[in-house]
Amino acid sequence: VSRGGGAAHRDVTLLELLDRALDKGVVLSGDITLSVANVDLVYVGLRVLLCSVEAMHRNAPLLGVPPVGGGGERA
Amino acid sequence: VTYVYAICDVPPGAAVELRGVGGQTVDLRPWGECAVACGEGPAGVVPVTAENVLAHEHVLEALMAAGTVLPMRFGTTFHRTSDLEAVLELHGERLRAGLDRVRDCEEWGVRVLWRQPDEQPGTPSASEQTPLPTSGREYLIRRAAEEQRRRAVEARAEDLASAMHLELARSAEDSRRKVLATPDLLLSAAYLVRRDRMTDFHSAVRQLVAAHPDLRVLGTGPWPPYHFAPHLDATEGAHA
């Protein structure tokens with residue numbers, strides 16, 4: 001499993017996380033209030049993601065990007 | 001203010017060392033045979049910062065390592081614990097079923113980038129190729145041709161993405177997919193994979209990468225099963 005990519009790697013992981021944590025998951029109540037100044041950032045981010053993916057691809061095989069925090073693989 | 005991270009099924013004490021959003025401790029409040037992972041949250045609006053979103057994720061990942069989690073969306077807060085309890089009561093059945101559905105599973109993400117057929121090197125785009133239309137009729141003919149081309153690209157994307165998706169979904173319990181979320185993003189997909197089928201899933205991804213050297217594939221995981229959380233309907237419960 002590669003750890004190549006450095007900053008691009010972290011960016012991709014964060015963008016993947018934003019895509020999930022802000023848009024998926026159980027909505028328990030109708031009144032989730034977020035400071036939404038950054039909502040556009042998610043979409044801008046997806047375009048950034050494309051660049052980052054290209055950068056990562058040059059650096060390393062892609063399967064096995066660890067989860068946020070670099071906790072490594074789990075069984 | 002109570003911030004809710006997840007409904008989970010983990011051994012008691014699994015959250016003892018956890019620090020969540022704002023550096024607050026995380027408690028496991030018993031909820032039937034399961035637990036609700038929650039902690040003190042920021043008063044008012046939860047700021048969307050990398051730090052806060054990562055803190056939310058770290059709690060979920062730690063719980064996931066200890067057992068099963070059903071992730072809440074970032075920023076789920078309740079001013080009164082009685083409100084939280086009422087919501088849990090209302091959607092109890094759905095939440096328990098949701099937790100069961102993701103038991104022993106992890107989410108894996110796959111994104112596939114392609115070069116659109118129109119953008120093959122050496123093929124100038126229509127706008128570079130041809131002068132401006134000289135009549136309304138010519139304009140309409142061109143518009144129709146462009147529309148036809150766009151549909152052909154979409155159809156090609158759908159075929160290619162579906163074939164790839166089917167190969168991966170074979171090793172998964174459940175999946176979500178989106179084709180052409182952006183023009184370059186051929187496939188964005190999430191797979192719910194049982195831990196004991198992880199090897200199958202990973203080799204399916206490797207085979208996909210090998211079979212399509214012209215495409216770029218990004219696999220990420222393991223994630224908490226965000227994409228496979230049940231949708232709760234506010235009117236549900238009443239007639240459940």
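I take helices (H or I, at least four residues) and strands (E, at least two) as DSSP runs, numbered from the N terminus. The model is predicted, and local features need pLDDT of at least 70, side-chain atom pairs count only at pLDDT 80 or more, and totals for chains, interfaces and linings use all residues. Residues are numbered from 1 along each chain as its sequence is written, chains are lettered from A and ligands numbered from 1 in the order in which they are written, and side-chain values use heavy atoms, without hydrogens and water.

Entry on chain A. I read the pattern α-β-α along the sequence, with two helices and one strand. Of the 75 residues in chain A, 48% are buried (under 20% relative accessible area, 1.4 Å probe, protein chains only). I also looked up contacts (heavy atoms within 4.5 Å). Among those in chain A with a separation of 6 or more, 76% join residues 24 or more positions apart.

Entry on helix 3 of chain B. Which residues of helix 3 (residues 92-101) are buried? I noted B:Gly92, B:Leu95, B:Gly98 and B:Leu99. They lie on the same side of helix 3 of chain B because they cover an arc of only 130° around the axis, taken from the directions from the helix axis to the C-beta atoms. An α-helix has 3.6 residues a turn, so residues three or four places apart point the same way. The cover over these buried residues includes strand 1 (2-9), strand 5 (68-71) and helix 2 (81-90) of chain B.

Note on methods
Buried means under 20% relative accessible area, exposed over 50%, partly exposed in between (1.4 Å probe, protein chains only).
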